[in-house]
Amino acid sequence: MSINMEQKAQPRAATTTRAGLVLGWGVPETLVLGYARARGRPGLLVPDRASALEVLSAGRHRSVFLLAPERDLDFPTVGRLIEQGRAARLPIGLLPLPDDPDEAGRTVRRAERQAAGAGRAYRHRTALYCDFRPEPPSPDPSAHGSGQADAFMARLTDGVEGLVLHSHGNGADFRVGNHVLCLRVGPKAPAPGEPGERFLPCQAGGVCRLDHKTGFVAYHGADAVRARLVVMLSCSAYQPHGGLLGARFQLSQNLMRGEDVAAVVASVRINHGTPQLGVAVDRLLREGASVGEVALRINRLAPADAASYVCLGDPDLTLSRLPTTTPGAATATTPAAPATASAGLRTAPGRDPAAPAARRRSGPTPQGPVDLLFAADLAASQGAVTTADALAAAATDAIRGPATPRFDRHVARMLARAVDDGDRPAWHPLCTSTGERAGPPCPLCGGPTVEEEHASPLYAGYLRRLTRCPTHAVVRDVPAGTASPAGPVPRDIRIDRVTRTVRWNGDGVPGVCAVAAPGAATRTGWARAEDGRCAAPAGDGDVPVLIHVAAGSFAVHRPTPTGAGGGHA
């Protein structure tokens with residue numbers, strides 16, 4: 001039923017199904033389709049929660065922005081949405097709407113303005129704050145620890161486009177060193193709580209829970225948070241309906257009603273994270289990740305059933321492409337680009353898709369965290385939990401500095417174990433097919449091949465390119481798009497059928513190479529990529545594969561046979 005309804009809605013809220021979907025239930029159809037038209041996306045109103053979950057499970061869209069009554073977004077519902085997005089690798093954003101139709105309309109129209117980049121000016125691009133250590137968590141000038149709380153609050157009130165706040169909190173107030181962000185303070189403070197509502201005692205004229213503390217120098221209200229995109233790495237920063245705090249008594253939902261904040265990423269429960277998590281999230285935002293992807297990425301790092309982060313607002317929103325101001329002068333933010341098949345999702349580190357190729361890559365430096373993150377997802381999908389955790393940690397390290405090759409053998413060994421499944425690469429569940437074309441001749445038989453392209457729905461621009469032969473299955477599996485290798489890669493790969501030695505041009509090639517033979521008793525031979533040769537293990541007579549891994553980036557090749565009986569059949 002949901003598919004038929006979407007087909008009816010499309011003439012009024014056109015675009016393709018690979019765009020982000022604006023989905024709604026329990027709200028006026030005009031609000032759903034109005035936002036969809038404004039953003040150039042498909043719009044769909046479904047009758048209930050079950051129908052919405054059915055649409056999400058279909059996986060037909062790049063992202064989903066869900067408009068629903070606040071009273072319907074209770075803990076069980078939000079928990080299912082989180083798990084659905086995590087399982088489908090689907091960025092999801094929520095816009096809880098009040099029961100009053102006029103206020104609901106104002107909320108949606110405000111979201112439209114914010115998505116179009118019609119907010120205020122921001123002097124600074126980003127700010128990162130970690131309350132759990134006195135020193136900054138990274139050397140970036142925008143990073144602050146609790147020892148720099150004064151400077152952080154000055155930067156925040158001055159205006160930042162992207163904010164990452166890693167702090168203690170309860171939904172209503174958050175510690176910032178010797179400062180406190182408190183919803184009770186300032187012109188945006190809610191009216192005192194009434195019987196039947198859920199609030200803290202202080203929100204109805206009672207005692208403040210921090211009255212006994214003597215070290216705080218200032219309390220700041222919601223109006224002090226002059227930011228467009230906010231990530232709150234804190235406990236219970238967003239509480240679904242039925243939580244300890246009602247919607248109007250939460251700082252996160254109060255921020256969403258102002259003219260600054262367009263989206264908030266927040267947790268629905270108690271959680272913890274290291275300072276490196278804040279650094280990684282800050283880097284994600286600055287590299288072009290959407291807020292929906294940020295929430296998804298954090299949730300995918302969590303153990304099973306422990307994902308807790310939600311994106312409030314349009315999940316496709318990103319930082320503007322360029323810094324918002326020149327030093328000393330505030331200017332308006334660059335409007336966000338309209339949603340397209342690639343807008344709003346993460347681009348690989350250091351790459352502007354519009355930049356010339358010469359600016360994207362130089363030298364043999366490994367790509368960095370995106371390859372390690374994809375490899376971590378691959379390991380998790382293969383049940384290699386320890387390896388997945390190690391790769392995810394290495395990805396966080398790579399965000400802070402150059403990636404290292406210390407886990408290359410782990411990745412190569414994992415790929416070697418899957419070499420018998422030649423028709424389906426191990427990463428197949430992590431990507432979606434985006435097209436195919438005629439490929440080069442097969443290196444084994446010289447026959448025609450088909451070159452397939454597969455895209456990661458999680459890492460924008462990350463592609464894998466398969467060359468498939470009808471006789472020999474996959475003969476080449478290489479990264480492409482923004483995942484293209486940084487420097488030299490093995491070339492002119494061949495195997496001597498007599499000596500079973502695999503050779504390649506390894507001049508300046510980083511990383512390791514493994515040679516794995518399908519059905520081999522001794523599964524894998526190893527060599528440094530720069531060595532240019534490796535003996536293949538004894539196998540069942542089939543041509544082995546060469547696996548090359550460098551700082552998480554991997555490729556798989558079937559060598560061209562040479563020597564006695566070699567050459568194309």
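Which residue in β15 does R437 stand opposite? In this predicted model, the residue facing R437 is E451 in β15.

Strands of a sheet pair through backbone hydrogen bonds, either parallel or antiparallel. Here, strand β14 (residues 432-438) and strand β15 (residues 450-455) are antiparallel and are linked by six bridges. Besides the pair of R437 and E451, T432 has A455 in β15 as its bridge partner.

Strand β15 is also joined to strand β16 (residues 462-469), again by six bridges and in the antiparallel sense. Within this pairing, V450 lies opposite R468 in β16.

**The sheet and its helix**

These strands belong to an open sheet of eight strands, paired antiparallel in the order β14-β15-β16-β17-β24-β23-β20-β21. At the edges are β14 and β21 (524-528), each of which pairs on one side only. From one strand to the next, the twist averages 20°.

Helix α13 (residues 408-417) packs on this sheet and touches β20 (512-516), β21, β23 (545-550) and β24 (553-557). The direction of α13 makes about 150° with that of β23.

**Nonpolar cores**

In soluble globular proteins, nonpolar side chains tend to be buried together. The largest nonpolar core of this model contains 88 residues. Among those with the most contacts inside this core are L23, L67, F152 and V225. Strand β11 (residues 227-233) supplies the largest share of the core, six residues. A second, separate core has 39 residues, including L372, F374, A418 and I547.

L67 illustrates contacts between residues apart in sequence: leaving aside neighbours within four places, L67 is in contact with residues including V22, L23, W25, L95 and V108.

Terms used. Residues are numbered from 1 along each chain as its sequence is written. This is a predicted model: local features need pLDDT of at least 70, side-chain atom pairs count only at pLDDT 80 or more; totals for chains, interfaces and linings use all residues. Side-chain values use heavy atoms; hydrogens and water are left out. A nonpolar core is a set of buried Ala, Val, Leu, Ile, Met, Phe, Trp, Tyr and Cys residues joined through side-chain atoms within 4.5 Å. Buried means under 20% relative accessible area, exposed over 50%, partly exposed in between (1.4 Å probe, protein chains only). Helices (H or I, at least four residues) and strands (E, at least two) are DSSP runs, numbered from the N terminus. Contact means heavy atoms within 4.5 Å. Two strands pair if DSSP finds at least two bridges between them. Axes are lines fitted to C-alpha atoms, for helices over the stretch in contact, and angles run from 0 to 180 degrees between N-to-C directions.
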